[in-house]
Amino acid sequence: MSISALRQVLAEKLGAKDTRRCSDVHLQNLLDKEYSDEGALQDATREELQTPPALPPALVDKVLKVFGQPGKNCTEDEAGPSKKPRTGTTQILADHSLAIMDALFAPFDEAAFPRQLSVPQLAKLLESPLAMRVPLPPSAYQSVHQLYPDLFVQKTTASAPLLASTLVKSLQIPWPTGSPTELLYTPFWAAVGYGLPEFIGRQLGLNISESRYKEDASITIADKRCVYMQHLDHVLVVGGVDKPKRELMRKAVQELLDQHKGANPAVYGDLGYLILFATAADAVSVFALDLCQNARLEPLIPEFVMVDLVGRRHIVKLFINLIRWLRTVHVLSLLPPPPPAQLLVPFNRLSPYPADEAGNQQSEVEITLGFKGVEKRFTVPGQHVQELLDVYGLLQHLQLSGAIRCTSLQVNGEQLKLKHPMSKQRKALCRSKSCSVKLRLEPVGALVRLTGTAQLRSLVSCLLTTLKHIHEYGFVHRDVRLDNVIRVTNGWLLIDWELAGRTNQIVWWEGKLLPDGVRHRLEPYTCKTDLWQLGMLIQIAAVSADVAITTFADHLLAGEFASAAIAQASLW
């Protein structure tokens, strides 16, 4: 039986995740203890798991025997289970790719890892010597070692063909000839720039994904998207711009700065910079964008050419270390909770609005997270259009530091100027069964992960200030909850104002975060209801046992404050 078939058996018994992490040492320990009971073996294995699998052939029959399956010989050409082995069979070396990947792409030492940008320190990491060499049997080694002598090593006891084939592909693929084209779509760049991080990420359990966007008319292939992005847990941490000619390198660098300057540091948590690639034909240079110091673009790796073998070795080594960098960011938990989708990939949510007068349900809300802002597209029943305009007009007038900003609002394709009060002359819109709305909101923030009393106090104080201002104008948010708060550099923002409206109205939805009387349409939604929702937020957050906080939440839930201004005066 081949090693892949063995892994399948293990996966069925232990689960794929545990199987990937099970090393030969742990398996040998289990076998020595003679765990014949499947349940006992499963429990003991989970207790011992720490490293990826390395299953030497000598263990194959023992492992299969433990699981009640007969061992089988195999040949170099993978004899099937129903076929008899041919004369002169040889034992296939186990594929140690996962164990080798774990070592080759090992996280950097925490003490040497820059959480905030240090150009010398980060450049040194990206140019680090390879952590280990990839083992290959003599026959395979002789055919590939000259591609990158420092990357491969000859072994008769271990092999990593799956990993080696991926790396060899990056070094052997012919360079494109003819008209200039976008390198991101050539087989070479596909194997290195995004193929390698995604492949290694899948094997090691990292959520690494690649995407591209923005067209460049000068690119000669059909799909002309030229912006490159690597996401870790849906957060863009590596970006790039590609140009088809070397003389456009300066333009690529400028576009990198234009796209990423102004990125919200809160999105990146404890990571204070991005890594950015500028590619122009066969040349590449690497930069870091400092998120904390006025978005400076700092050179990391000087420009070099990738077309020759020396350049290919350089770029392969660079991406090996880049994946180590990504893994270190993940291991150290530097990023905040992941957003619902990666940048520029639309996702849908149910519409908060009721059906129109004809009974037609509103379309889902389409949301797209951009580099610096959020775009929302949805439909609104005609009778609710004016209220939506009034809410965003008021926010534009107040310019609240604790509320997300609306920078553009279109209704049925018409760009409307936000002001307070909004014009009441658009009667045609209000008479429509439904209207299509497109909002542009800024900034992009991070989801909230409260870690203690101090953060909870800061959040509650900020929300009370925001609610106080809108309550003074006779408006209420009507959807105050932790999911509708984002973290920004200097505090918190209350978002999702589509349900907001004038106070003392009966609501049309039956949300869980509504008092019974309001939910059952027996009572109108008032300023007190916003405060009740804030009290529920404090309780659900459950990050503090501070008596003053819990008492304040009880007062909010009991409706003891008529407005946010009164509640703020009684804070803590």
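How many residues does helix H9 have, and what distance does it reach from its first C-alpha to its last? Helix H9, covering residues 161–172, has 12 residues and reaches 15 Å, close to the 16 Å expected at 1.5 Å a residue, where the expected span is 1.5 Å times one less than the number of residues. This is a predicted model, in which local features need pLDDT of at least 70 and side-chain atom pairs count only at pLDDT 80 or more, while totals for chains, interfaces and linings use all residues. Residues are numbered from 1 along each chain as its sequence is written, and side-chain values use heavy atoms, with hydrogens and water left out.

**The chain overall**
- The chain has 19 helices and 19 strands, taken as DSSP runs (H or I, at least four residues, for helices; E, at least two, for strands) and numbered from the N terminus.
- Of the 572 residues in the chain, 52% are buried, meaning under 20% relative accessible area with a 1.4 Å probe, protein chains only.

**Helix H9**
- The buried residues in H9 include Leu163, Ala164, Leu167 and Leu171.

**The sheet and its helix**
- An open sheet of 6 strands runs in the order E9-E10-E11-E14-E12-E13 with antiparallel pairing, where two strands pair if DSSP finds at least two bridges between them.
- Its edge strands, E9 (347–349) and E13 (414–416), each pair on one side only.
- E9 pairs with E10 (residues 365–369) in the antiparallel sense over 3 bridges, and Phe347 stands opposite Ile367 in E10.

Key. Buried < 20%, exposed > 50% of the residue type's maximum accessible area, 1.4 Å probe, protein only.
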